[in-house]
Amino acid sequence: MATTGRVVSVKFLGFLQRLAGHREARVEVAADATLADLLDALARSYGPAFASAIFRTPGDVHTHLRVFVNEEEAQVTDRIVTGGEAAQVAVLVVPGFEGGSR
């Protein structure tokens, strides 16, 4: 059950920054929100091009996308706020990069 909201600082890297139109955003989320909830909210806020950069299909995050909470890689099912202590959490949404030798 949702309780008081928390402000989350979101940092966008690479093409996600271009799609969002800025490098950082502050988003209020429910205290029991997961990273998937946050990504859904961002997709709704930034439109279809941003949403398709995050999701393969609705609710299905691209496998190359990486999300970090407090500098630790996290799963989209993880809660953003744990223990009710953190009022702000830094989340980095990092697109994966392809490359290598042939």
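**Figure 1**
The model shown here, and in each view below, is predicted. Lys 11 has a relative accessible area of 29%. Lys 11 is therefore partly exposed, as that class lies between the 20% cut-off for buried and the 50% cut-off for exposed. Phe 68 is 57 residues away from Lys 11 in sequence. In space, the C-alpha atoms of Lys 11 and Phe 68 are 9.8 Å apart.

**Figure 1. The whole protein, for orientation.**
The protein contains three helices and seven strands. Along the sequence, these elements follow the pattern β-α-β-α-α-β-β-β-β-β. Of the 102 residues, 36% count as buried. The protein exposes about 6300 Å². How much of the contact set with a separation of 6 or more comes from residues 24 or more positions apart? Such pairs account for 60% of those contacts.

**Figure 2. Helix H2 along its length.**
Helix H2 runs over residues 35-46 and has twelve residues. From its first C-alpha to its last, H2 reaches 16 Å. That is close to the 16 Å expected at 1.5 Å a residue. Which residues of H2 are buried? They are Leu 35, Leu 38, Leu 39, Ala 41, Leu 42 and Ala 43. Gly 47 follows the helix. The phi of Gly 47 is positive, near 90°.

Ala 43 is placed in helix H2. Is Ala 43 buried or exposed? Its relative accessible area is 11%, so Ala 43 is buried; the cut-off for that class is under 20%. Leaving aside residues up to four places away in sequence, Ala 43 touches Phe 50, Ala 51 and Phe 55. Pro 58 is 15 residues from Ala 43 along the chain. The C-alpha atoms of Ala 43 and Pro 58 are separated by 9.8 Å.

Asp 78 sits in the loop between S6 and strand S7, which spans 88-94. At 32% relative accessibility, Asp 78 counts as partly exposed. Which residues does Asp 78 touch, not counting those up to four places away in sequence? They are Ala 33, Thr 34 and Leu 35. Leu 35 is also one of the buried residues of H2. Ala 36 and Asp 78 are 42 residues apart along the chain. Their C-alpha atoms are separated by 8.1 Å.

**Figure 3. The largest pocket and its lining.**
The largest pocket holds about 150 Å³ of space. Its lining residues are Gly 59, Val 61, His 62, Leu 65, Arg 66, Val 67, Glu 73, Ala 74, Gln 75 and Val 76. By class, the lining has five nonpolar, three polar and two charged residues. Which strands each supply at least two residues of this lining? They are S5, at 66-69, and S6, at 72-74.

**Figure 7**
Val 67 lies in strand S5. Val 67 is among the residues that line the largest pocket. Why does Val 67 count as buried? Its relative accessibility is 4%, and the class takes in values under 20%. Leu 39, a buried residue of H2, is 28 residues from Val 67 along the chain. The C-alpha atoms of Val 67 and Leu 39 are separated by 9.7 Å.

Notes:
Residues are numbered from 1 along each chain as its sequence is written. This is a predicted model: local features need pLDDT of at least 70, side-chain atom pairs count only at pLDDT 80 or more; totals for chains, interfaces and linings use all residues. Side-chain values use heavy atoms; hydrogens and water are left out. Helices (H or I, at least four residues) and strands (E, at least two) are DSSP runs, numbered from the N terminus. The expected span of a helix is 1.5 Å times one less than its number of residues. Buried means under 20% relative accessible area, exposed over 50%, partly exposed in between (1.4 Å probe, protein chains only). Contact means heavy atoms within 4.5 Å. Accessible areas come from the Shrake-Rupley method with a 1.4 Å probe; for residues, only the protein chains shown count as cover. On a 1 Å grid over the protein atoms alone, a cavity is a set of points where a 1.4 Å probe fits but cannot get out, and a pocket is an open set with protein on both sides within 12 Å along at least five of seven lines; lining residues have an atom within 4 Å of a point. Grid points are joined across faces, edges and corners, and a volume is the space filled by probe spheres set on the points. Ala, Val, Leu, Ile, Met, Phe, Trp, Tyr, Cys and Pro count as nonpolar, Asp, Glu, Lys and Arg as charged, and the others, Gly among them, as polar.
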